Amino acid sequence: MIVRSTSSWLRLLFVWHGSVLPRIMPRLLLVFFISIAAAAVRGWWLSEHADSALSIPAFTLMGVSLAIFLGFRNSVSYERFWEARKLWGSLLIVNRSLARQALSLAPDNADARRLIDGCCAFAYALKAQLRGDDADAHLRRLLPEEILDKALAGRFKPALILAWLGQLTARMRRDGALSDMQWHALDRNLNSLSEVLGGCERIASTPIPFTYRVLLNRTVTVYSLLLPAGLVTSIGWLTPAIAVFIAYTYLALEVIGEELEEPFGKEGNDLPLSALCHGIEASLREMQGEDVAAPAPEQQGIYLY
Amino acid sequence: MIVRSTSSWLRLLFVWHGSVLPRIMPRLLLVFFISIAAAAVRGWWLSEHADSALSIPAFTLMGVSLAIFLGFRNSVSYERFWEARKLWGSLLIVNRSLARQALSLAPDNADARRLIDGCCAFAYALKAQLRGDDADAHLRRLLPEEILDKALAGRFKPALILAWLGQLTARMRRDGALSDMQWHALDRNLNSLSEVLGGCERIASTPIPFTYRVLLNRTVTVYSLLLPAGLVTSIGWLTPAIAVFIAYTYLALEVIGEELEEPFGKEGNDLPLSALCHGIEASLREMQGEDVAAPAPEQQGIYLY
Amino acid sequence: MIVRSTSSWLRLLFVWHGSVLPRIMPRLLLVFFISIAAAAVRGWWLSEHADSALSIPAFTLMGVSLAIFLGFRNSVSYERFWEARKLWGSLLIVNRSLARQALSLAPDNADARRLIDGCCAFAYALKAQLRGDDADAHLRRLLPEEILDKALAGRFKPALILAWLGQLTARMRRDGALSDMQWHALDRNLNSLSEVLGGCERIASTPIPFTYRVLLNRTVTVYSLLLPAGLVTSIGWLTPAIAVFIAYTYLALEVIGEELEEPFGKEGNDLPLSALCHGIEASLREMQGEDVAAPAPEQQGIYLY
Amino acid sequence: MIVRSTSSWLRLLFVWHGSVLPRIMPRLLLVFFISIAAAAVRGWWLSEHADSALSIPAFTLMGVSLAIFLGFRNSVSYERFWEARKLWGSLLIVNRSLARQALSLAPDNADARRLIDGCCAFAYALKAQLRGDDADAHLRRLLPEEILDKALAGRFKPALILAWLGQLTARMRRDGALSDMQWHALDRNLNSLSEVLGGCERIASTPIPFTYRVLLNRTVTVYSLLLPAGLVTSIGWLTPAIAVFIAYTYLALEVIGEELEEPFGKEGNDLPLSALCHGIEASLREMQGEDVAAPAPEQQGIYLY
Amino acid sequence: MIVRSTSSWLRLLFVWHGSVLPRIMPRLLLVFFISIAAAAVRGWWLSEHADSALSIPAFTLMGVSLAIFLGFRNSVSYERFWEARKLWGSLLIVNRSLARQALSLAPDNADARRLIDGCCAFAYALKAQLRGDDADAHLRRLLPEEILDKALAGRFKPALILAWLGQLTARMRRDGALSDMQWHALDRNLNSLSEVLGGCERIASTPIPFTYRVLLNRTVTVYSLLLPAGLVTSIGWLTPAIAVFIAYTYLALEVIGEELEEPFGKEGNDLPLSALCHGIEASLREMQGEDVAAPAPEQQGIYLY
């Protein structure tokens, strides 16, 4: 996530946003050179082929499908991003509820403490699964032996930790630390953790259908590359500037959609999963009257991961 | 589902997507030949009927209903696809929760093990019902005799398996393996399975109202076929290329909508139900400390089913 | 519901959809005759009033409100249709859950059997209330004497049947056939039936605000009738064909919205409530190991009711 | 709510809808007189200032923000209307569920009867709070002495009645008329009543942000008033008719949004809260086998309040 | 929140809305001066570079991305605003439910009274966390010693108060003031408070992705600044007025989006958190038969905070 609070319109006009521009530069350059070429041959073409010139209205016919594709891609990508954020918000909510229940119902119980540690471990394991990296250090720090090896070796790590949290609460029930109803109250929250896990896996494993990407890319690219030919008949040597600017807004809209579509990565606009994990642990620890053992992830330039 | 990760815009421009092009080819060819004809007779027509020529602005009037139809079809189809995916995500979530409850509450109970097998069988039976194929091999592998025959012969197979899961939990309650409250916790998750089943059946049995298909098809087709006549007056011999490209974006948008509308099939953009079933069983087995008996479905070319 | 699976674009182009065309025919004919008249007087008008001619761009100004009205009406109508379908999907889901609970918790109890019959009766009574027809035959078949007379005479029949289902479960609780918790599990599902009932009543009793219909009808009709005058200046004798086609897409969009808005009727695009009721009973009976007493509703031509 | 079922397009064209036209008449007249003036001075202006004339394309640039404002206002207002309707649908649903539970669990209990009366009183009190009028007659009829004075004098009347319903159920629990679990089942429905109350208060107390109203009003008004100047250059003396019609669709769209935004009033398109309250009481009374004491609100002309 | 009820369109036309205009004034002035300059050099430019003049249709090509950006920003910002309002509505709903439960189940219990005080304190603490100010006075007034110091010093204050509310209910359970089921009923509502807290934190900590702001600002600003050059060719000296008006609608749409995006601030369109907190306490106190100790926040001019 980019943590920057520039609010002046003037600064925003010239800010460098590194994650978008490099990816659309080749096409922008192409548009620029085609514009130059079109402006150069324009006089000759109009005198030779006066009845075969692209003009601006022809582009409005392409505009319908372009608008549908771009608008659709944009809103779907943002919804995926925002749903992912909601799921991580739920993770904080449910973990706090579990900690509240454990601390109030069984304040001095060793398993209650393990439960809270396990909730933190679940968050780190989920982050690792979604990013394809590794949470071993955190798991070693937070999980007891009875589950650690299984969790380190497992394929669906967060699901294994969640199953173990279920065993913890069932044990607390059998030990008499929880009544039947209290076990149920915790178990409902474990169901909610299962929903968070499954929801994140769904977003991570099911991209927007491939055919959309193909179609959107083709429409935007062909439209951008034809643009100079259409503009040149009426605006002449202003074409390079205007065509590049219009193409820039379309291509950037396509690329930001691509970035938000996969919100669990480490690109500029992705969710700061490390910071979210740390925040979850910090909040649970404060409820226990403790500090977090792990250091907070630092901001790297303007990015927070 | 197409599992391809081509990300370069240049490759996307030339990738072959086999599920869309063949279905729109006849109309694209028609547009192409009409374009050729229109460009050929253009000079004669304009000299004879100068005041009766379609021009581009006339098409913007059709654009309103075209945009509404295409935009509507597109977003409704995608919502159906995504709701179907969410339902299958729920299936994984609920099955994991049931397995967690069974394993933690009644770890050594034979019915608890049957329950987990039954959850897997439910997923395979649902896939078979939605795709109209047959899950007998999986059912034979996973279901005990007390339900197998009924499930193999039944019309609503997943509903029968679900009813049997209810009998299992009631039996575990009567046997004392579950307390009343614990039975309730499992029963709530069985209700959720019922919601997944009913939701999938709803999507499968209720297509987008037929009249929409008729109207959308007519609007898009007539619009595409008239396009060359409208473009030719201003862009002449550029018409064949431009008209085919514009028609391509509209027709492809119609066809992808048609494909996503029925997300349970085996077309290019449909949900990989076999892989999802296997993933569900794999996750439950791992929680039991076991491996899946059935092999994972293999990717076939770029498709996963 | 129209149950037709014509998928060829060519067939869709010429299929007759009886529920839309007759309702817009008068206006289409009017557009046709105005087009003829406009094409006939065009030469004279342009020579007399050269500076007072409607042209195509003037219509794009009307396009904004037209697009908002049509797009809004269309999506709201579809949402009503789809919400109604979801409610009937819920009805199946909840009825199955109730049957599962009754059959597993009190397999040989007479009230459990009555409960399942009552669930079916609830569906038929709801259909009858929504369609304004009569479910007496089904109620007589399914309800015992203790409720039958009240249900036949009542004003809110499904609500009365639901209240009686509550009495059944309370009686089963008092008789010891259900524990307190098990009663609660059934009672939650009765709450869900209440939600289905109230949701359907809401859709049936609250149409889209009347002012929208007035405004939409005026905008679409005036726009369509002015269309020939606007088109004729640039496309001459092509006007009758093009104007009728454009008007057709707008008027059909209005009419299909009107049909979907009230999804409980018996028009072409309405929900097949009879078939849904039969499907619910068939599924519950299969869970009981029985067949449905009532025959399945037959398809009438291309329609299923 | 307007209860009219005129379905002919011809009638809809000429129906008088009294709540919209009077509010936009001043601006429509202004547009009309500006149109006359513009058509009159047109010849002179074009000869003097040929290069400074508004033309239709200039309006398409304003069209983007106009479309966003009108489309946004329209859908947000309708969503508020529909959410309000859903909340009142919930009120019926939950009241029926409470009545079902009270009647089946404690059929002859005096408090159970009071509970049902209290549910009805809650609906009337909510209507009175939302409309800023007075439900004293209904409260006197429905509430017992123990709560009546407090409810009549209170500021948040429905909240006080709801709190008293909580006391009733707690008393029934203490008296042994309800088990703990049964108390819980009722208490959950009281939570749902609290949601209905809070939801209605939210809609009533939080209008669409004021700045939107300012911006929308300015854009629509300025656009409408400029319209004649833009149209007159191309359509001459047709301007008064066309400009007034276009302005009518925009201004009506603004005004209907304003009306739906506050769905609890007594304007033409508002919710018929009195009829809804009566329907709720009628349904509960029928479940008790009784008739409603209060008369049904009558339709006043085409309106139902 | 602006609490003004001006409803006349004429007044709305000239009302001063202080939070928007100052922020867009620099750009509006720029547009104005560019318009003057463009109108001045127009004659010379058209004679020298007749084939390189921006015209209105060129702007319609930019219109697609402009409409997507503005429409997207607008609806996403409003959704954030409305979700925030819903969360605060939930806070009132849940607090009332908790108070109803505490007052009816344990009317004379000292901890029940503390619970209600704690619910109020939670609201004030949440407001302080979201606005970055300080609720110490309210916390001192409302919280007992056992939690006060921890709450004053904590980082996540509302989470700490919520955890303490959990300890209160657990203590009431242990003291026998609540049965197990009754504890559960309160605990579910504490879970709902946790959802409110987490939801508000999510909105406050995750702005709309930064890249959108950059892109939207660039598109709107460049579009506005080019506008005079495009309009001047056809409307001449009308350009300054029309260009400034069009730019005003776009820029205001951008700025209102920015304000609604962060609904917890103290700007003109933000939520009146102080008034909402006071309303919550007033409603709970009335249920207790008491008055609020703290004075109601006063309206400051047209604003309520």
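Tutor: Let us begin with a term: buried means under 20% relative accessible area, exposed means over 50%, and partly exposed lies in between. Please keep in mind that this is a predicted model.

Student: Are E:R285 and E:D117 buried or exposed?

Tutor: Both E:R285 and E:D117 are buried. Their side chains meet in a salt bridge, with N and O 2.9 Å apart.

Student: Which helices do those two come from?

Tutor: E:R285 belongs to helix α11 (residues 273-288) of chain E, and E:D117 to helix α4 (residues 110-131) of chain E. The pair therefore ties together parts that are 168 residues apart in sequence.

Student: How many salt bridges are there over all chains?

Tutor: The count comes to 95 salt bridges over all chains. As background, side chains of opposite charge can pair when their charged atoms come close.

Student: What does B:R73 pair with?

Tutor: B:R73 forms a salt bridge with B:E258, at 3.9 Å from N to O. Because B:R73 lies in helix α3 (residues 56-105) of chain B and B:E258 in helix α10 (residues 239-261) of chain B, the bridge ties together parts that are 185 residues apart in sequence. B:R73 is buried at 4% relative accessible area, and B:E258 is buried at 15%.

Student: And in chain C, which residue forms a salt bridge with C:E258?

Tutor: That is C:R23, with the closest N and O atoms 3.1 Å apart. C:E258 sits in helix α10 (residues 239-261) of chain C and C:R23 in helix α2 (residues 21-48) of chain C, 235 residues apart. C:E258 is buried at 16% relative accessible area, whereas C:R23 is partly exposed at 30%.

Student: Which residues of chain A are linked in a network of salt bridges?

Tutor: The network links A:R23, A:R73, A:R213, A:E258, A:E259, A:E261 and A:E267.

Student: Changing topic, how many disulfides does a search of the whole structure find?

Tutor: The search finds zero disulfides over all chains. For B:C200, the nearest cysteine sulfur is that of B:C277, 10 Å away. B:C200 is buried, with a relative accessible area of 0%.

Student: Finally, which residues form a negative surface patch?

Tutor: A:E79, B:E79, C:E79, D:E79 and E:E79 form the patch. One of them, C:E79, lies in helix α3 (residues 56-105) of chain C.

Technical notes:
Residues numbered from 1 in each chain as written. Chains lettered and ligands numbered in written order. Predicted model: local features only at pLDDT ≥ 70, side-chain atom pairs only at ≥ 80, totals over all residues. Heavy atoms only, no water. Disulfide = S-S within 2.5 Å. Buried < 20%, exposed > 50% of the residue type's maximum accessible area, 1.4 Å probe, protein only. Patch = residues over 30% accessible without salt bridge, like charges linked within 9 Å, V, L, I, M, F, W, Y side chains within 5 Å. Areas by Shrake-Rupley, 256 points an atom, 1.4 Å probe, with all protein chains shown as cover. Salt bridge = Lys/Arg side-chain N within 4 Å of Asp/Glu carboxyl O. Lys, Arg positive; Asp, Glu negative; His and termini not counted. Charge placed at Lys NZ, Arg CZ, Asp CG, Glu CD. Helix = DSSP H or I, 4+ residues; strand = E, 2+ residues; numbered from the N terminus.
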